Amino acid sequence: GFPYITECLKKTSLYIDAQGRYVPSVIPYTILLRICGREQQFDIVQSLYKEMLGVGCEPDEVVICSLICIFGKSGHITFMLEFYEMMRIQGLIPPIVVYNFMLSSLYKGGLYIKAIDVWNDLRDSKVKPNDYTYGVVINVYRKMSKFEEAIHVFEEMMSFGHLPDGILYNMVITMMGKLGRQDLMLDTYEKMKMQGLIVGKYTYTYLVHFFCKAKNYELAMRFFSEMQRQGCLMDEVIYGTIISIYGQLGLYEDAEHAFKEMDEAGLVVSDRVFIIMATVRMKACSYAQVLELFDEMKSRGFTMSRYAWIIVLQCCVKQQKLSHAESVFQVMHEKGFTDTAAYTCMFSLYKKLSILEGSKVLLSILESDGLRPDEKLYGAIIDLFCSLGMIPEAELYYTKMQNDSGLTPTTCIKTMLIQAYGKEGRFSEAELLYNGLNRPDATAMVVMLDIYDSFGRTEDVAS
């Protein structure tokens, strides 16, 4: 027991002066504090420390550092910071091990701002950070979403000759990608390889996805090839990204081959890749195969999501199959899946087929649903009425778009009205709307050229 130990210490000649008085020493208290801390006897740690002060034993740097580590490890962050402040008041500087312990404890406790304060204290001291220090600080900045600061610390780390491990490289490459620092990301990737570190599946997956999103398909495929050469295990995410890339490049057979390869490997574990593959087949105008794909998806027990139903509806619209489209829309409406995209599809089909009655019914359903149209839906409705020569109705929704939804009509939508005015012989209104365009595009110019030409305005045509 500790009282027995301390009583024994008082009786040893080592701690008795010439007058026979007990002279307290910091050494046994330090040993006891460390033992108690290791055994997680934190109440005894506190009582020992109080006893130490009570007998006039001044805690030194070793004692305070021990206490900082003990309380940091136990999650008693407040006590840890109190002893750290005591060190600062005494003008003592902790060694890097203690700094690392504090930074790690603060990071684990989610006290990121305080961790950065300690990091700044460390930088102001003469203590040199090590690999572990830099790693924790980079993680702290990452958690705070301060990616620029994290990258700056990483670059400082490299400049002082510290070598990051693969996990830190992966993390930093991801942050560089989020900031759009493509060149720096590629340079860091090359340094990682030069250091002899194995680039992991996570990094490759991120790089492929990043460059796919950036539409840099050449680099995306390069990293995919490297991933295959390294023998990384493929999963649904990476296959889905590659199928999407093949679709964007028009390599539909390659997309089909990748999907088959993935399916045979048993990696189709959700509806995600089915939807990606359906999008590719839509782009290839293989509408019948899209529907077959969804039949297969349902046979495997996957549920048709809102987005899957939208693709089916788009197939019907592309093929101008009115009855099929209306049936699909009805099912979607019953399931609560009819969003602005679904309504936009239907209005575009009614415009292609010049169907007014169906459009009126659809408008009434839209209003009863209380769905606020977005820019594309407003455009589809206005385009429909313009094509049918129903200018007052088109103007009504043009006004609603601005007043009810607070949306600014695009050049494309304004061009629809300009063309409709021209067809109805309303030259001044067409010209007024055209002159109000901020930057007329080629389509608007061609429409206005036709209108000027039809009214014999040769000088305006030349201009």
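Student: Which residues does Glu236 touch, not counting residues up to four places away in sequence?

Tutor: Bear in mind that this is a predicted model. Glu236 touches Met262, Leu267, Val268, Val269, Ser270, Arg272 and Val273, with residues up to four places away in sequence left out.

Student: Where is Glu236 found?

Tutor: Glu236 is in helix H14.

Student: Is Glu236 buried or exposed?

Tutor: Buried. Its relative accessibility is 12%, and the cut-off for buried is under 20%.

Student: How far apart are Glu236 and Leu267?

Tutor: They are 31 residues apart in sequence. In space, C-alpha to C-alpha, they are 5.7 Å apart.

Student: Staying with H14, which helices do the buried residues of H12 pack against?

Tutor: H14 (236–248) is one of them. The others are helix H10 (166–178), helix H11 (182–194) and helix H13 (217–229).

Student: Which residues of H12 are buried?

Tutor: Thr203, Tyr204, Thr205, Tyr206, Leu207, Val208, Phe210, Phe211 and Cys212.

Student: What does the span of helix H12 come to?

Tutor: H12 runs over residues 201–213, so 13 residues at 1.5 Å a residue should span 18 Å. The end C-alpha atoms are 18 Å apart, which agrees.

Student: What follows H12?

Tutor: Lys215 follows H12, with a positive phi near 60°. Most residues other than glycine have a negative phi.

Student: Where else is phi positive in a residue other than glycine?

Tutor: Cys285 is one of the places, with phi near 65°. Cys285 sits in the loop between helix H16 (272–283) and helix H17 (287–299). Gln320 also has a positive phi, about 55°, and is not a glycine. Gln320 lies in the loop between helix H18 (306–318) and helix H19 (322–335).

Student: What does Gln320 count as, in terms of relative accessibility?

Tutor: Partly exposed, at 42%.

Student: New topic. Which residues are buried in H3?

Tutor: Phe42, Val45, Leu48, Tyr49 and Met52. Seen down the axis of H3, these buried residues fall within an arc of 110°, so they line one face of the helix.

Student: What is on the other side of H3?

Tutor: Asp43, Lys50 and Gly54 are exposed there.

Student: And what covers the buried residues of H3?

Tutor: The cover includes helix H2 (26–38), helix H4 (61–74) and helix H5 (77–89).

Student: How about H21? Which residues are buried there?

Tutor: Gly358, Ser359, Leu362, Leu363 and Leu366. They cover an arc of only 140° around the axis, which puts them on the same side of H21. On the other side, Glu357, Glu367 and Ser368 are exposed.

Student: What covers the buried residues of H21?

Tutor: The cover includes H19, helix H20 (340–353), helix H22 (375–387) and helix H23 (391–403).

Student: What comes just after H21?

Tutor: Gly370, with a positive phi of about 70°.

Student: Pockets next. How much space lies in the largest pocket?

Tutor: About 330 Å³.

Student: Which residues line the largest pocket?

Tutor: The lining is Ile310, Gln314, Val317, Lys318, Thr340, Ala341, Thr344, Cys345, Ser348, Lys352, Asp374 and Lys376. H18 and H20 are the elements that give two or more residues to that lining. H20 has the largest share, with 6 residues.

Student: How do the lining residues of the largest pocket divide into nonpolar, polar and charged?

Tutor: Into 4 nonpolar, 4 polar and 4 charged.

Student: Last topic. Where is Ile451 found?

Tutor: Ile451 is in helix H26, residues 442–454. Ile451 is buried, with a relative accessible area of 5%.

Student: What does Ile451 touch, not counting residues up to four places away in sequence?

Tutor: Ile418, Gly422, Phe427 and Ala430.

Student: How far apart are Ile451 and Tyr421?

Tutor: In sequence, 30 residues apart. In space, 9.1 Å apart, C-alpha to C-alpha.

Technical notes: Residues numbered from 1 in each chain as written. Predicted model: local features only at pLDDT ≥ 70, side-chain atom pairs only at ≥ 80, totals over all residues. Heavy atoms only, no water. Helix = DSSP H or I, 4+ residues; strand = E, 2+ residues; numbered from the N terminus. Buried < 20%, exposed > 50% of the residue type's maximum accessible area, 1.4 Å probe, protein only. Arc of directions from axis to C-beta. Contact = heavy atoms within 4.5 Å. 1 Å grid on protein atoms, 1.4 Å probe; cavity = no way out; pocket = protein on both sides within 12 Å on 5 of 7 lines; lining within 4 Å. Points joined across faces, edges and corners; volume = space filled by probe spheres on them. Nonpolar A, V, L, I, M, F, W, Y, C, P; charged D, E, K, R; others polar. Expected span 1.5 Å × (residues − 1).
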